[in-house]
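I opened this notebook to record what I looked up in one structure.

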Amino acid sequence: MKKSYLFTLSLSFCMALFLSGCGEKKKNADEAINNTSTELETTLETKNWAEKLGWSAGKKVIMLHADDIGMCPEANIAAKDQLTKGEIQSAAVMIPCPNAEEFINWAKENPAMDIGLHLTLTSEWKKHRWGPITPDAEVPGLLDPEDKLWRSVPEVVQHATAEEVEKEIRAQIEQSIAWGYRPDHIDTHMGTLFGDPSYVKAYMKVAQEYGIPANIIDISVPAVLAEFRSKGYPMDDSVVKMSEEYTLPKLDFFTSAPKADSYEEKVESFKSLIKSLQPGLTEIIFHPSVETDNLRDITGSWQQRVWESQIFADPDLINFFKEEGIIFTNWKEIMTRFNSMK
């Protein structure tokens, strides 16, 4: 599409020179065309991903994305409610977890919803735990002494090879497909797939082979790269190069709902987060769940999760989004726009 546009621009420029009868030499005309083409190329390269995908310059295009779905019934209930009411735009399922298949079945019944996979290589809770989809003998490095996935990212990086990681994330995608649902996108639980450059390579490879977009961030912007490096992500030069060569759409930024000590603070902190964002395509993750004794028994973060199941229905926050001119999207729309660029 870009080449076609450049050709049309060059042809129009030549015709203008010819019809004007200005008498410029062909060499000067060629130089002018080349300069114009170079300027256009530079402009296209400096656009953020929201602009590349067709949204107006200066707009904040945001995806409110529910993580940890399938982990427990409480997460499924909350996500279904938020998606059905249009309060959020996207969600991702943890395939190894006990309530994953139930949510995948719901996704099959609601094909307009944007549902992906929260590729899972850790099992962090004290009692509520899970293992891999791949047979244990094939991925020993992913298993802790309890034959569950490791609780932390550093433990995964210490023990698991990139080959084991790739095998397991493929198995999770294939399990979803076997249940009858091809995911709209993939992302990574606890950021594990960004925990080592070899994992990033496997992650991008699998995404591109399946043609399923991953939550890959455009780290060509120095400030974005510096921020993620400051948070401990090992985004070395090899990862920068991999990101440049990645062939599916990318995010301009990625962040999560802030923690808070009260519901009111939660809402105000989320407003502050939105105001702090630069224009572009941003995914904001959170972990909604309805309140139950079971949820409180699973995780000490239960209160944050309950509030995150409530705030996006809050009229104050909804009005704030309108006043800020926020545009909402999801991975389905992103891919539709991306494919139209080809």
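This is a predicted model: local features need pLDDT of at least 70, side-chain atom pairs count only at pLDDT 80 or more; totals for chains, interfaces and linings use all residues.

**Entry 1: charged pairs**

I began with Glu209 and Arg170, whose side chains meet in a salt bridge with N and O 2.6 Å apart. I used this rule: a salt bridge is a side-chain nitrogen of Lys or Arg within 4 Å of a carboxyl oxygen of Asp or Glu. The pair links distant parts of the chain, since Glu209 is in helix H8 (residues 197-210) and Arg170 is in helix H7 (residues 162-178), 39 residues apart.

Residues are numbered from 1 along each chain as its sequence is written, and side-chain values use heavy atoms, with hydrogens and water left out.

Next I looked at Lys266 and Glu308, which also form a salt bridge, 2.7 Å from N to O. Lys266 lies in helix H11 (residues 263-276) and Glu308 in helix H13 (residues 302-308), 42 residues apart, and the pair links distant parts of the chain. Are Lys266 and Glu308 buried or exposed? I found both to be buried, where buried means under 20% relative accessible area, exposed over 50%, and partly exposed in between (1.4 Å probe, protein chains only).

How many salt bridges does the rule give? I got a count of 21. One of them joins Arg129 to Asp144, with the closest N and O atoms 2.9 Å apart. Both residues sit in the loop between strand S3 (115-119) and helix H6 (153-159), 15 residues apart. Arg129 is buried at 12% relative accessibility, and Asp144 is buried at 7%. I also saw that Arg129, Asp144, Glu146 and Arg151 are linked in a network of salt bridges.

**Entry 2: a charge without a partner**

I then checked Glu51, in helix H3 (residues 49-52). Glu51 is buried but has no salt bridge; the nearest side chain of opposite charge is that of Lys47, 6.1 Å away. For charge I counted Lys and Arg as positive and Asp and Glu as negative, leaving out His and the chain ends. Leaving aside residues up to four places away in sequence, Glu51 touches Ser56, Ala57 and Gly58, a contact being heavy atoms within 4.5 Å.

**Entry 3: cysteines**

I searched the whole structure for disulfides (pairs of cysteine sulfur atoms within 2.5 Å) and found zero. For Cys72 the nearest cysteine sulfur is that of Cys97, 8.7 Å away. Cys72 is buried, at a relative accessible area of 0%, and Cys97 is buried at 5%.

**Entry 4: the core and the whole chain**

Which residues touch the most other members of the largest nonpolar core? They are Ile115 and Phe270, in a core of 97 residues. A nonpolar core is a set of buried Ala, Val, Leu, Ile, Met, Phe, Trp, Tyr and Cys residues joined through side-chain atoms within 4.5 Å. The largest share of this core, seven residues, comes from H8. Ile115 has contacts including Leu83, Phe103, Trp106 and Tyr181.

Last, I wrote down the totals. The chain has 15 helices and seven strands, and 52% of its 342 residues are buried.

How values were computed. Helices (H or I, at least four residues) and strands (E, at least two) are DSSP runs, numbered from the N terminus.
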